[in-house]
Amino acid sequence: MNVRDSERLATVLASFGHEVVDSEDVADVYILNTCSVREQAEIKAVGKSRYLARKKLRKGDVLLGIVGCMAENLAENLFKLNPGIDFIVGPRCIGELPELLSNGNINRVALLGEAKADDITESVHNFSRRNVCASVSIMQGCNMKCSYCIVPKTRGRETYRSMEDIVAECEALVKNGTKEITLLGQIVNNYGQNTLANGNGKSPFVQLLERIDSIPGLGRIRYMSPHPKGFRRDLIAAHARLAKLCPSVHLPVQSGSDRILKAMRRPYTRARVLFIVEALRNCAPNISLTTDIIVGYPGEGEVDFQETVDLLSAVRFNMAFIFKYSPRVGTISATLPDDVSDDEKDRRNKVLLDIVQRCSIEHNETMVGNEVEVLVEGKAKRGENKLCGHTKYGDKVIFDGHDTLTGEFANVKITNYSTTVLCGELIGV
Ligand code: SF4
């Protein structure tokens, strides 16, 4: 969602004659797009904003703005934390930024809360260049109240784009050379809930997937992130039916303990998670599953933690983001004692990371010798003549090749691996 917001920033500013530059040294506006989901993210963003404020002082005649969830969450307090900041803009008001910048005299301006106009209908893409993989936001906000989460405060309640609008954006992307589209939403499978009708037992989200699946020239569809609560049979069955829907699902379970899930206000049980996993694997064998876990939530005891260990061992997720709990001001859980020590959070974090790493290595080992189809995304960050892409299962693959292959589906034989990457040889396209 942050990447989408950054794209939106660049696109709305470009349409008003601004230009994104490669270096802070030549910029005349510094805009820091921020995340509030964890304390660490905010600490880093405040540190970076102070660095930019010092740079601004040396350079003179430069503006410094903070955009995104941290702007919304900390609001005017940010001006006290860093007096060098000129403006703050919440994620729902990004569309109002050009007007603000054209307004010469900017002195501690805050654009927060609901946007003056609908901020989610517009496309965020720069069509002057080709994006092999593109993200399309289908909704904003979240109606849930997970006890630890700041998102409903920073992004507001759910609002959905029209299906026509989304499909038109996907068609335009494909026409411009996009081969893979990821549909984005805070709870992506909640799309259209209570506003669009179910049809033939299919939720609005599954109807949307069907329409995008039928766009000629598109190769792959992904979505991020679904909620276990709304993961129903129609979505599971879509993984067996829709040819372009990747066999890869990020299912954020957060904990394996029913007691902690209830305390987190996550309305499902570990049994429900195991049911979804089994049903998905029946529909799409070898489907890749990833997840998010929080360790050290208030009151999480050893028994609760072991239930999470058991869940990770039972499901064998291909990858998991493990977060150490940190209280976020303004959330329900921030009023509870943060009673798991930092050392214990570190220990639990490490135990889970070891499990995930083991599963990942074992999976990667089984891939050696296989031929896989890779959508080539471009040059790899490191290595001469190395290309980088992903399989439909989400495995990252690096191999030798010329960057004219960017945007092609390449057949690659896997020859080696690390914990996170598969390496291979190009067989053909
Ligand atoms: S579902 Fe829960 S964790 Fe996810 S964005 Fe909504 S409130 Fe936050």
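Predicted model: local features only at pLDDT ≥ 70, side-chain atom pairs only at ≥ 80, totals over all residues.
Reader: Happy with that! What is the volume of the second largest pocket, and which residues lie nearest its centre?

Author: Rolling a probe the size of a water molecule over the atoms shows where empty space is left. A pocket here is an open set of points on a 1 Å grid over the protein atoms alone, where a 1.4 Å probe fits, with protein on both sides within 12 Å along at least five of seven lines; lining residues have an atom within 4 Å of a point. The second largest pocket has a volume of about 610 Å³. Its lining has 23 residues, with Glu19, Val20, Val21, Val29 and Ile31 nearest the centre. Helix H1 (2-14), strand E1 (29-34) and helix H2 (39-59) each give at least two residues to that lining.

Reader: Which residues are around the ligand?

Author: Near means a heavy atom within 4 Å. The shell includes Cys142, Met144, Cys146, Tyr148 and Cys149, and also His227 and Arg266. By class, the shell has eight nonpolar, two polar and one charged residues.

Reader: How far apart are the centres of domain 2 and domain 3, and what do they bury?

Author: The domain assignment gives domain 2 as 133-366 and domain 3 as 368-428. Their C-alpha centres lie 26 Å apart. The contact (heavy atoms within 4.5 Å) takes 20 residues from each of these two domains. Buried area is the accessible area (1.4 Å probe) lost by two parts on being put together, summed over both; here it is about 1,500 Å², 51% of it on carbon and sulfur atoms. On the domain 2 side, Lys179, Arg220 and Asn364 lose the most area, together 39% of what that side buries.

Definitions and conventions
Residues numbered from 1 in each chain as written. Heavy atoms only, no water. Points joined across faces, edges and corners; volume = space filled by probe spheres on them. Helix = DSSP H or I, 4+ residues; strand = E, 2+ residues; numbered from the N terminus. Nonpolar A, V, L, I, M, F, W, Y, C, P; charged D, E, K, R; others polar. Domains from an automatic or database assignment.
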